[in-house]
Amino acid sequence: MSKIIAIANQKGGVGKTTTSVNLGAGLATIGKKVLLIDIDPQGNTTSGVGINKADVANCIYDVLINDVNPKDAITQTEIEGLDIIPATIQLAGAEIELVSTVSREVRLKKSLEQVKRSYDYILIDCPPSLGILTLNSLTAADSVLIPIQCEYYALEGLSQLLNTVRLVQKHLNTSLQIEGVLLTMFDARTNLGIQVIEEVKKYFQQKVYKTVIPRNVRLSEAPSHGQSIITYDPRSKGAEVYLELAKEVVSNE
Ligand code: ADP
Ligand code: MG
């Protein structure tokens, strides 16, 4: 079985990239074959797994715009079982270039058909917008994982995201599912965090993962070392919870 999961929320800073890298590393650690797709021009997932963007020959831009075979854009990471199609700043032009392209929303889907069978999970780290790159991701995906930061206004903007999901389901990808809602950056010392959890659970019910990601300094340090939390500090709380999330994602199949 092979599954494509888009990690999406048009809000920035909610933990999409942290979740892509560390859920990917967690799934690989428990023996799954994982491909990360970095489709955010900022390329934080790419640098987060230790890839030097200057060394990238083919990135996701080339796959989307230049019809490069995705196999020729796949790079291995230090973690066994974890590969990536990187993003470079080149991708910043793609939103505009895709506007005039035929079947612009299905380009990623078409490309991934060539590699899907080689992986158990393909995780797509989406940019913080609902533009063509996110539409490509939702169209290519079997499901969408939505990280929500345990903060004020946590639910703000979510109706817009869910509207986009419904539009994609109607016009581009009828089988798109909600994979799960992940609460991130939880701080047990505040009542706010607990209130947000209750609110989100009321809204999404059983779609909310039991695993809640706490605030953990080690999680925010790992990217500057080009490492997932599981290699950077395997004994940290962050490593423990992302491994737990990986198991929960697998057990939901
Ligand atoms: P997004 O991709 O949604 O913009 P990021 O994953 O880049 O969000 O996270 C935003 C910032 O918060 C980053 O600096 C990241 O290192 C930090 N961060 C994310 N999750 C946690 C966490 N659980 N604990 C502490 N810092 C976190
Ligand atoms: Mg990001």
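**Note on the predicted model**

1. Buried residues account for 47% of the 253 residues in the chain. The model is a predicted one, and the points below should be read with that in mind.

2. Overall fold. The chain's secondary structure amounts to 11 helices and seven strands. Its radius of gyration is 17 Å, close to the 18 Å that the globule rule gives for 253 residues, so the chain is as compact as a globular protein of that length. Taken along the principal axes, the box filled by the C-alpha atoms is roughly 50 × 40 × 30 Å. Of the contacts between residues at least 6 apart in sequence, 78% join residues at least 24 apart.

3. UniProt, in an unreviewed entry, places the feature "domain: AAA" at residues 2–178. In the model, that span is 34% helix and 17% strand, and its end C-alpha atoms lie 16 Å apart.

4. Nonpolar core. The largest nonpolar core has 76 residues, and Ile-60 and Ile-124 are those with the most contacts inside it. Helix H11, residues 237–251, gives the most to this core, with seven residues. Leaving out residues up to four places away in sequence, Ile-60 touches Ile-37, Asp-38 and Ile-39, then Ala-73, and also Ile-85, Pro-86, Ala-87 and Leu-91.

5. Ligand shell. Ligand 1 is surrounded by 17 residues, of which the closest are Lys-16, Thr-17, Thr-18, Leu-219 and Ser-220. Helix H1 (16–29) and helix H9 (217–221) each supply at least two residues of this shell. H1 gives the most, with three residues. By type, the shell around ligand 1 divides into six nonpolar, nine polar and two charged residues.

6. Backbone points to check. Most residues other than glycine have a negative phi. Two residues here depart from that pattern. Met-185, which is not a glycine, has a positive phi of about 55 degrees. Met-185 sits in the loop between strand S7 (177–184) and helix H8 (191–204). Phi of Gln-205, also a residue other than glycine, is positive and near 50 degrees. Gln-205 is in the loop between H8 and H9.

7. Are these two residues buried or exposed? Met-185 has 22 other C-beta atoms within 10 Å, and 20 or more count as buried, so Met-185 is buried. Gln-205 has 9 C-beta neighbours inside 10 Å, and 12 or fewer count as exposed, so Gln-205 is exposed.

8. Lys-116. This residue belongs to the loop between helix H5 (107–112) and strand S5 (121–125). Lys-116 is partly exposed because it has 17 other C-beta atoms within 10 Å, a number between the two cut-offs. Setting aside neighbours within four places in sequence, Lys-116 is in contact with Ser-2, Ile-4 and Ile-122. Lys-116 and Met-1 are 115 residues apart in sequence, yet their C-alpha atoms are 9.6 Å apart in space.

9. Helix H6, Thr-139. Thr-139 is part of helix H6, residues 132–140. With 21 other C-beta atoms within 10 Å, Thr-139 is buried. Neighbours up to four places away in sequence aside, Thr-139 touches Glu-105, Val-106, Leu-108 and Lys-109, together with Val-168, Leu-172 and Asn-173.

10. Helix H6, Ile-132. Ile-132 also lies in helix H6. Ile-132 is buried, with 21 other C-beta atoms within 10 Å. Not counting residues up to four places away in sequence, Ile-132 touches Glu-95, Leu-98, Arg-104 and Glu-105. Glu-80 is 52 residues from Ile-132 along the chain, and the C-alpha atoms of the two are separated by 32 Å.

11. Helix H7, Leu-167. Leu-167 is found in helix H7, residues 158–171. Leu-167 is partly exposed, with 13 other C-beta atoms within 10 Å. Between the C-alpha atoms of Leu-167 and Leu-135 the separation is 9.8 Å, although the two are 32 residues apart along the chain.

Conventions
Residues are numbered from 1 along each chain as its sequence is written. Chains are lettered from A and ligands numbered from 1 in the order in which they are written. This is a predicted model: local features need pLDDT of at least 70, side-chain atom pairs count only at pLDDT 80 or more; totals for chains, interfaces and linings use all residues. A residue is near a molecule or strand if its C-beta atom, placed from the backbone, lies within 6 Å of it. Helices (H or I, at least four residues) and strands (E, at least two) are DSSP runs, numbered from the N terminus. Ala, Val, Leu, Ile, Met, Phe, Trp, Tyr, Cys and Pro count as nonpolar, Asp, Glu, Lys and Arg as charged, and the others, Gly among them, as polar. UniProt positions are given in the numbering used here, feature names are shortened, and annotations may be inferred rather than shown by experiment. The radius of gyration is taken over C-alpha atoms; the globule rule is 2.2 Å times the number of residues to the power 0.38. Two residues are in contact if their C-beta atoms, placed from the backbone, lie within 7 Å. A nonpolar core is a set of buried Ala, Val, Leu, Ile, Met, Phe, Trp, Tyr and Cys residues joined through C-beta atoms within 7 Å.
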